[in-house]
Amino acid sequence: MNDNSRADDLGETFKRLIRENGPISLAQYMGESNARYYTSRNPLGDDGDFITAPEVSQVFGELIGLWLADIWVRAGTPEPVHYVELGPGRGTLASDALRAAERYGLKPQVHFVEGSEALKQIQRGTVRGVTHHADVTTLPDDGPLLIVANEFFDALPVRQLLRAAEGWCERMVGLESDKLAFVFGDKPMDAAVPQSWRQASQGTIIETSPASAAIMSELADRLAAQGGAALVIDYGPREGRSGSTLQAIKGHQKVDVFSHPGNMDLTAHVDFETLAKVAQRQGAQVLGLQMQGDWLTALGIDMRMEALKRRAPGQAETFKRQHDRLVAEDQMGLLFKVLGLSGKDWPEEAPGF
Ligand code: SAH
């Protein structure tokens, strides 16, 4: 992957903007960097910047497809029904999930919410008959939605509030010696800080993602009105916490968050506690929040892997590695969580939660 000059320009564009108008919010920096990053490339794979669970093993998507088929059958097999995936990457998860779901009679219409032109093209080649959406507002409203988001919310912009000497301020992106750097915003932000954090000690940072809350709010609204279910899979803690979790990844390595805007993946931990609260407030049912390892184990990943091994004994080692990558606590098993939601008149319990 080459550092093309367009992407290098984005750093210069930010600097010019800041020189002229003063510091910008971290959310703007992250949003514009990631928009540029994703739209120009396929970041997934060994020669890209990172690998996600569906790219590790087909079993990941298959178990998600079976989970969706199970809850749809228990909801009475309503039709029409829509499969909705947010940020589907190469389309691998959707392709594995839809193949598994079809065995149970679930053949939904497929909707992808995707911002990247490069990835949209790859997705059209992976899954047939996809309708693309720029955001969640245009999703169909004529039937239940089966929603999947794997490593989508972590890419959405965050803002950070910092407890400075005089009170809370926003952590902004400005210039120091003509280099992008964190600076203190000059507006008092105390009113934006939840009551429970107001008295935190100097230096405390809290991170929020208004964009994530807005998308979750719309999705939960739809679940409440139309029925359906959702699985949000990402990394983040079980409960709210403090501190900056912003990180930049390039070529499978952590790099400085200001080093290559538009040319590295900027992410932050997902605040599941807030997402669940927003969903509940809009009338969706929270099925549960589970560690990815435990969730996949409860869904039968061991048995699926055994079946693959029996079919291809020569690859036993590979299957074992894939299993551990998804499930082991020191790999994805513990840090990654699965948030399950369901809609009005849909089952209140589901496997894995
Ligand atoms: N779910 C895939 C890809 C994860 S990468 C997987 O697990 O492999 C993040 C995905 O979200 C990419 O498809 C990216 O283009 C998309 N994305 C990131 N920010 C977005 C936004 N604001 N709107 C729509 N799609 C976005």
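The model is predicted.

**Domain interface**

- Contact between the domains involves 23 residues of domain 1 and 29 residues of domain 2.
- About 2100 Å² is buried between domain 1 and domain 2, and carbon and sulfur atoms account for 53% of that area.
- On the domain 1 side, the most area is lost to domain 2 by R238, H252 and V270, which together make up 34% of what that side buries.

**Helix pair α7 and α8**

- Helix α7 spans residues 210-226 and helix α8 spans residues 272-281; their axes come within 8 Å and cross at roughly 35°.
- The crossing of α7 with α8 is right-handed.
- From α7, the contact is made by S212, A213, M216, S217 and A220, and from α8 by L275, V278 and A279.
- By class, the residues of this contact are 6 nonpolar and 2 polar, with no charged ones.

**Sheet β12-β11-β13**

- The 3 strands form an open sheet in the order β12-β11-β13, and their pairing is antiparallel.
- β12 (253-255) and β13 (265-267) are the edge strands, each pairing on one side only.
- From one strand to the next, the twist averages 40°.
- Strand β11 (residues 247-250) is joined to β12 by 3 bridges in the antiparallel sense.
- A248 has V255 of β12 as its bridge partner.

Methods. Residues are numbered from 1 along each chain as its sequence is written. This is a predicted model: local features need pLDDT of at least 70, side-chain atom pairs count only at pLDDT 80 or more; totals for chains, interfaces and linings use all residues. Side-chain values use heavy atoms; hydrogens and water are left out. Axes are lines fitted to C-alpha atoms, for helices over the stretch in contact, and angles run from 0 to 180 degrees between N-to-C directions. Helices (H or I, at least four residues) and strands (E, at least two) are DSSP runs, numbered from the N terminus. A crossing is left-handed if the near helix is turned anticlockwise from the far one by less than a right angle, and right-handed if clockwise. Contact means heavy atoms within 4.5 Å. Ala, Val, Leu, Ile, Met, Phe, Trp, Tyr, Cys and Pro count as nonpolar, Asp, Glu, Lys and Arg as charged, and the others, Gly among them, as polar. Two strands pair if DSSP finds at least two bridges between them. Buried area is the accessible area (1.4 Å probe) that two parts lose on being put together, summed over both.
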